[in-house]
Amino acid sequence: MNDEITAARKKRVQRIRRRRTAWFLFALAVVSLAVLLANTLTATTFLDIKDVCSAIFAPYGSYPVALESAGAVSEKQMSMAYAVLSEDAVTVYSQRGSILGSFAHNLITPELAAAGNRAVLYNIGGKEIVVYNRTSELARFKTEYNIIDAAVSKRGTLAVLTRSDKYTAQLSVYGNGKYEQTMTWSTNAGFPLLVRLQSDGDAAAVACIAAVNGQPVSVVTVIDTRSAEALFTAQVNGIAADILLDSGVTVVTDETAELYSMAGEQKAAYVYGDAPLLHVAHDEGSGLALAFGDNSRPQINSVVLLGGNLTVKATAQGVGAVRDMYLTRTGVYILGAQRITEYNMSGEAKAYYSADSEAFALIKTSGLLTLCADRLEKAEHIQLSEEA
């Protein structure tokens, strides 16, 4: 009997090893094919091969996870991972909870951008910028002017928004795998506020703040990052909160959300009511989730779910405090003061999950995680009545 058990265990171990080997060869083949299709090898190519393998074969961790560096500031989702920015480090965790990479910093006003397997750390008001994949530092340099905002695409293109001596706003793009500057674009349209990139990095959107008849207006310009040519410019009422670039361009301000084609034709608009904008969440292909209200009076808060064409899919009233939101194709998760509520696309509360009262950010992996200043916790499903 013992011999049979031992033989069965050996077969199971062999199956696991074969499966891991197959995954490794598959990952290696995918990365190698991408390199061949690009017909180029860069300084980051082999680091990215190692990075992909590390993410796929990351060991399992356990929650809660005590952060190696306390004082968490924010988090950003990555492919098969998420990055946590603290006061003195950037730490990248696999979806299984194990550490893929940890990088110390001494920036005074650090900010983090991430997409795909790239994370970018930069100093708001400073000139320092560092590019990472999930496991390694890829590039480190200083910009000519102080940084206002930065963005990175899934393909690794980096966009940095600054001012300059001659212009109120300047966009610099870095690419080609070596993070060399490939283009600049400048404008005097207003004070620079934010920059966003298309997922492939081929287009960027820059929002500047100006005044028209004494009212704030966001001057949004979409730029082809390959030719440095402006595709179109639009004036949108209010102060820009976010810009989404996929099949079109969606501009979200504190007053309205407007949808444009890549040629600059306005396709749709959604004008808010009197309640102030609290939070914006989006998912490619799933539209927007907009939270309105005041967290000092959480009973008045509401969330509006908009489709890709900005039509209202549903409105959820009385959602309580909104500290963070995560939108998926099937619904939206809202992090409140002591719990997470999942709403479906009809605006109905579908499920509830536990959350620490100190949690301020929501992370979606295979499950739900919450971020506190000193730890990561796994949200557990809980049973509540509708009145709870």
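Q: How many aromatic pairs does a search of the whole structure find?
A: This is a predicted model. Rings count as a pair if their centres lie within 6.5 Å. By that rule, the search of the whole structure gives seven.

Q: Are the rings of Phe103 and Tyr132 stacked or edge-to-face?
A: Their centres are 4.3 Å apart, and their planes meet at 25°. Planes under 30 degrees apart count as stacked. The pair of Phe103 and Tyr132 is therefore stacked.

Q: Which strands does the pair of Phe103 and Tyr132 tie together?
A: Both Phe103 and Tyr132 are buried. They are 29 residues apart in sequence, so the pair links separate parts of the chain. Phe103 lies in residues 99–104 and Tyr132 in residues 128–132, which are strands β5 and β8.

Q: Is the pair of Tyr272 and Phe292 stacked or edge-to-face?
A: The centres are 4.9 Å apart, with 65° between the planes. Planes over 60 degrees apart count as edge-to-face. That makes Tyr272 and Phe292 edge-to-face.

Q: Which residues form one aromatic cluster?
A: Tyr272 lies in the loop between β21 and β22, and Phe292 in strand β23, so their pair ties together parts 20 residues apart in sequence. Both of these residues are buried. The cluster consists of Tyr270, Tyr272 and Phe292.

Q: How many residues apart in sequence are the parts tied together by Arg226 and Asp202?
A: The two form a salt bridge, with the closest N and O atoms 3.7 Å apart. Arg226 lies in the loop between β16 and β17, and Asp202 in the loop between β14 and β15. The separation is 24 residues.

Q: Does Arg226 count as buried or exposed?
A: The cut-off for exposed is over 50% relative accessible area. Arg226 has 64% relative accessibility, so this residue counts as exposed.

Q: Which network do salt bridges that share partners form?
A: The structure holds twelve salt bridges. One of them joins Arg375 and Glu377, at 2.8 Å from N to O. Arg375 counts as buried because its relative accessibility is 17%. Shared partners extend the network to Asp356, Glu358, Asp374, Arg375 and Glu377.

Q: Which strands each supply at least two residues of the lining of the largest cavity?
A: This cavity has a volume of about 30 Å³. Its lining is Leu67, Glu68, Ser69, Val84, Ser86, Thr91 and Tyr93. These residues divide into three nonpolar, three polar and one charged. The strands are β3 (81–86) and β4 (89–94).

Key:
Residues numbered from 1 in each chain as written. Predicted model: local features only at pLDDT ≥ 70, side-chain atom pairs only at ≥ 80, totals over all residues. Heavy atoms only, no water. 1 Å grid on protein atoms, 1.4 Å probe; cavity = no way out; pocket = protein on both sides within 12 Å on 5 of 7 lines; lining within 4 Å. Points joined across faces, edges and corners; volume = space filled by probe spheres on them. Helix = DSSP H or I, 4+ residues; strand = E, 2+ residues; numbered from the N terminus. Nonpolar A, V, L, I, M, F, W, Y, C, P; charged D, E, K, R; others polar. Salt bridge = Lys/Arg side-chain N within 4 Å of Asp/Glu carboxyl O. Buried < 20%, exposed > 50% of the residue type's maximum accessible area, 1.4 Å probe, protein only. Phe/Tyr/Trp six-rings, centres within 6.5 Å; stacked < 30°, edge-to-face > 60°.
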